[in-house]
Amino acid sequence: MKHAISVLMENAPGALSRVVGLFSARGYNIETLTVAPTEDNTLSRLTLVTMGSDDVIEQITKHLNRLVDVIKVVDLTEGPHIERELMLIKVRAVGKEREEMKRMADIFRGRIIDVTDKSYTIELTGNQEKVQAFIDALDRSAILETVRTGVSGIGRGERILKL
């Protein structure tokens with residue numbers, strides 16, 4: 001099962017390396033990883049997506065909590081939460097393809113953020129399924145380049161990850 005794990009950690013050199021090293025040393029895979037400072041510049045929020053049974057996720061959580069730089073760990077998928085991913089995708093848009101690409105961007109509530117004679121760059125946000133559905137709906141030969149941020153997640157309502 002897919003799990004989104006959120007980690008509040010010190011914004012210090014080597015902190016991210018230790019988290020990634022923990023996964024690597026134990027043979028766990030990280031599907032997506034995002035990290036950035038929080039409203040407190042001394043802290044970073046890391047969100048990663050990984051696959052595993054409940055037992056594996058419990059082990060991962062225990063190992064993460066033992067790291068010196070880690071302050072708090074939450075498995076977002078244990079409760080109501082919101083996940084979003086940002087994708088920038090450059091597509092071929094020549095002739096009648098231009099109108100089709102504009103229509104596809106509109107259907108998926110994407111925005112065309114750059115236009116050239118031969119291409120559009122589209123910005124799309126949503127959950128992983130929506131982003132993947134957009135890619136799947138396009139003709140593969142029309143895709144010139146794709147950049148995805150990975151999942152960012154936050155608990156719904158009163159559920160927060162803070163000191």
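The following questions and answers look at salt bridges in a predicted model.

In this predicted model, local features need pLDDT of at least 70 and side-chain atom pairs count only at pLDDT 80 or more, while totals for chains, interfaces and linings use all residues. Residues are numbered from 1 along each chain as its sequence is written, and side-chain values use heavy atoms, with hydrogens and water left out.

Reader: How many salt bridges does the count come to?
Author: A salt bridge is taken as a side-chain nitrogen of Lys or Arg within 4 Å of a carboxyl oxygen of Asp or Glu. By this rule, the count comes to twelve.

Reader: Which residue forms a salt bridge with Lys2?
Author: The closest N and O atoms of this pair are 3.9 Å apart. Lys2 belongs to strand S1 (residues 2-10) and its partner to helix H4 (residues 128-137), 127 residues apart, where helices (H or I, at least four residues) and strands (E, at least two) are DSSP runs numbered from the N terminus. The partner is Glu129.

Reader: What is the N to O distance where the side chains of Glu97 and Arg92 meet?
Author: Glu97 is partly exposed at 24%, and Arg92 is partly exposed at 27%. Their side chains meet in a salt bridge with an N to O distance of 3.1 Å.

Notes: Buried < 20%, exposed > 50% of the residue type's maximum accessible area, 1.4 Å probe, protein only.
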